[in-house]
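Visitor: Could you take me closely through the salt bridges here, and tell me where the paired side chains sit?

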Amino acid sequence: MSTAEQQPNENPSDALLGPADIRELAAALGVRPTKQKGQNFVIDANTVRRIVRTAEVRPDDVVVEVGPGLGSLTLALLEAADRVTAVEIDDILAAALPGTIEARMPGRKDRFALVHSDAMLVTELPGPAPTALVANLPYNVAVPVLLTMLDRFPSIERTLVMVQAEVADRLAAEPGNKVYGVPSVKANWYAHVKRAGSIGRKVFWPAPNVDSGLVSLVRRAEPIKTTATKAEVFAVVDAAFAQRRKTLRAALAGWAGSAAGAEAALVAAGVSPQARGESLTVEEFAAIAENKPAAERPAL
């Protein structure tokens, strides 16, 4: 075996999971990764360390991880953070994870907590408030889970998620980009978003049919300045992109009650009625929401 081949096993703490460990754990649990659950387990210790480095996890961080699976990333996070809380929906994986932590990193087991639940239903977490979110999110739930966690846990300052490359591009897209859309704008409501790297297919088991990407989100120091609520702003965003090929005057007609009402709101917000949603910043969407025709605004 060459030096290059040996390197991944020379440096790691033996606590981290390698390909053989992952397969042995899965076999012992009778786990077969399924596409329905979006299960692709990371089998490379160097990759999980890279994710932790890219996430800039600090010794005082309280990290929440969604979808820990067999624990590859969880163990790497426990090496670097003060505490880790993992949210796992799968019954078998949730039952097994605490034992894996105790067996492989006994000195940190008291720094680990498990929440056996659907992340979309979690409204509180045990222990101190989380300061960071780090997760490998499956494609089918990546965006709603990410936005829900950012909304419910405002103490999360830094986020790094690994998602399908296409989703990463959408989240990090800027106005004017052809893939800029609802996920881009809503993520920007909470945070400054950027692409933070790419992940190949070979570090997963089973290997997916698509590449993955890392997305970094750093929460805004100050919320978007607007008198509109988040719900009001998001309603404009949803309406604008529901018919993204139309001008905003037409796309927002239903939202405003009429095309004329939409035009009035757009002009008042300083946005051209002929513009399209893909050209607007989140601040401009907020300005439009502020200027919704008064008669159409619901009574509080």
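Guide: What follows is a walk through some of the salt bridges, pair by pair. The model is a predicted one, in which local features need pLDDT of at least 70 and side-chain atom pairs count only at pLDDT 80 or more, while totals for chains, interfaces and linings use all residues. Residues are numbered from 1 along each chain as its sequence is written, and side-chain values use heavy atoms, with hydrogens and water left out.

A search of the whole structure gives 16 salt bridges, the term meaning a side-chain nitrogen of Lys or Arg within 4 Å of a carboxyl oxygen of Asp or Glu. One of them joins D61 to R158, with 2.6 Å from N to O. Because D61 lies in the loop between α3 and β2 (62–66) and R158 in strand β6 (residues 158–164), this pair ties together parts that are 97 residues apart in sequence; helices (H or I, at least four residues) and strands (E, at least two) are DSSP runs, numbered from the N terminus. Both D61 and R158 are buried, where buried means under 20% relative accessible area, exposed over 50%, and partly exposed in between (1.4 Å probe, protein chains only).

The salt bridge between E79 and R49 has its closest N and O atoms 3.8 Å apart, and it links helix α4 (residues 72–80), which holds E79, with helix α3 (residues 45–54), which holds R49, the two residues being 30 apart. E79 counts as partly exposed because its relative accessibility is 38%, and R49, at 22%, also counts as partly exposed.

Finally, R58, D60 and E157 are linked in a network of salt bridges.
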